[in-house]
Amino acid sequence: MKTEKKTGLRVGMTVAGVILCAIAVGFFKCSLFGVDPFQCFAQGSWGKFMSGLSYGTYYLGLSIILLVIDLLLDRHYIGIATFINMFLTGYIVDFARNTIDGFLPDPTLAVRVVLLLIGVVVMCFASSLYMTSDLGVSVYDAIPIIISNKSGRQFRFCRIGCDLICVAVGFACGLMPGVGTLITAFFMGPLIEFFNHTFSEPLLHGKK
């Protein structure tokens, strides 16, 4: 594949991944079963301290703080995807949740389960696109990677530690972690790997 075409495809995968991931968070929120660990932290702290702001604006501010930390520690993992994530995610989450609430203002338990499952699958598919494009990582995803590199500890343990801290802060701020938070922690890895092998990598590199 020509370099220009491949670069365009990587950018397209990045944008699509960020947008779909934010929409997935909207599904998570509407399911009322909990969200992923970082969103647990972000939404909990927003509700506790900054609920006067829109969630999108608060998320952007929080992302800028983490970006500064990333740049001070190791700027290698900051790329175009980082900034697309920062400036789009929070606002798309707001839009997605409001849209879904408009269609399903009082979802039954069965509908909530469906919303949760859609959120999990879409988030894993979106993460696969986002990661395979290799144009940087989100400001939160960079933190455990940097900790792992600097400490020499395995990434999975650093990620679990960061996720547990996020859940603990969200819980302390009054946001109860739900089954969606646990499902995300245990099933995102295998599902992302599945989408990597079956869709994202063949899309970017061609079928082998």
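## A salt bridge in a helix

A residue counts as partly exposed when its relative accessible area lies between the buried range, under 20%, and the exposed range, over 50%. Keep that in mind as you look at this predicted model. Arg97, at 30% relative accessibility, is partly exposed, and Asp101, at 31%, is partly exposed as well.

These two residues form a salt bridge, with their closest N and O atoms 3.7 Å apart. Side chains of opposite charge can pair when their charged atoms come close. Asp101 and Arg97 are separated by about one helical turn, because they sit 4 residues apart in helix H4 (residues 80–103). A search of the whole structure finds 1 salt bridge.

## A nonpolar patch on the surface

Now turn to the surface, where Ile64, Ile65, Val68, Ile69, Leu72 and Leu73 make up a nonpolar patch. Together they have about 550 Å² of accessible area. One of them, Ile69, belongs to helix H3 (residues 55–73) and is partly exposed, at 35% relative accessible area.

The largest pocket has a volume of about 1,100 Å³. It is lined by 37 residues, and those closest to its centre are Asp141, Arg159, Asp163, Met188 and Ile192. Helix H8 gives the most to this lining, with 10 residues. By class, the lining of the largest pocket has 24 nonpolar, 8 polar and 5 charged residues.

The second largest pocket has a volume of about 200 Å³. Of its 15 lining residues, Lys29, Gly34, Val35, Gln43 and Leu175 are the closest to its centre. Helices H1 and H2 each give two or more residues to this lining, and H2 gives the most, with 3.

Notes:
Residues are numbered from 1 along each chain as its sequence is written. This is a predicted model: local features need pLDDT of at least 70, side-chain atom pairs count only at pLDDT 80 or more; totals for chains, interfaces and linings use all residues. Side-chain values use heavy atoms; hydrogens and water are left out. Patches are made of residues with over 30% relative accessible area and no salt bridge: like charges are joined within 9 Å, nonpolar side chains (Val, Leu, Ile, Met, Phe, Trp, Tyr) within 5 Å. Accessible areas come from the Shrake-Rupley method with a 1.4 Å probe; for residues, only the protein chains shown count as cover. A salt bridge is a side-chain nitrogen of Lys or Arg within 4 Å of a carboxyl oxygen of Asp or Glu. Buried means under 20% relative accessible area, exposed over 50%, partly exposed in between (1.4 Å probe, protein chains only). On a 1 Å grid over the protein atoms alone, a cavity is a set of points where a 1.4 Å probe fits but cannot get out, and a pocket is an open set with protein on both sides within 12 Å along at least five of seven lines; lining residues have an atom within 4 Å of a point. Grid points are joined across faces, edges and corners, and a volume is the space filled by probe spheres set on the points. Ala, Val, Leu, Ile, Met, Phe, Trp, Tyr, Cys and Pro count as nonpolar, Asp, Glu, Lys and Arg as charged, and the others, Gly among them, as polar.
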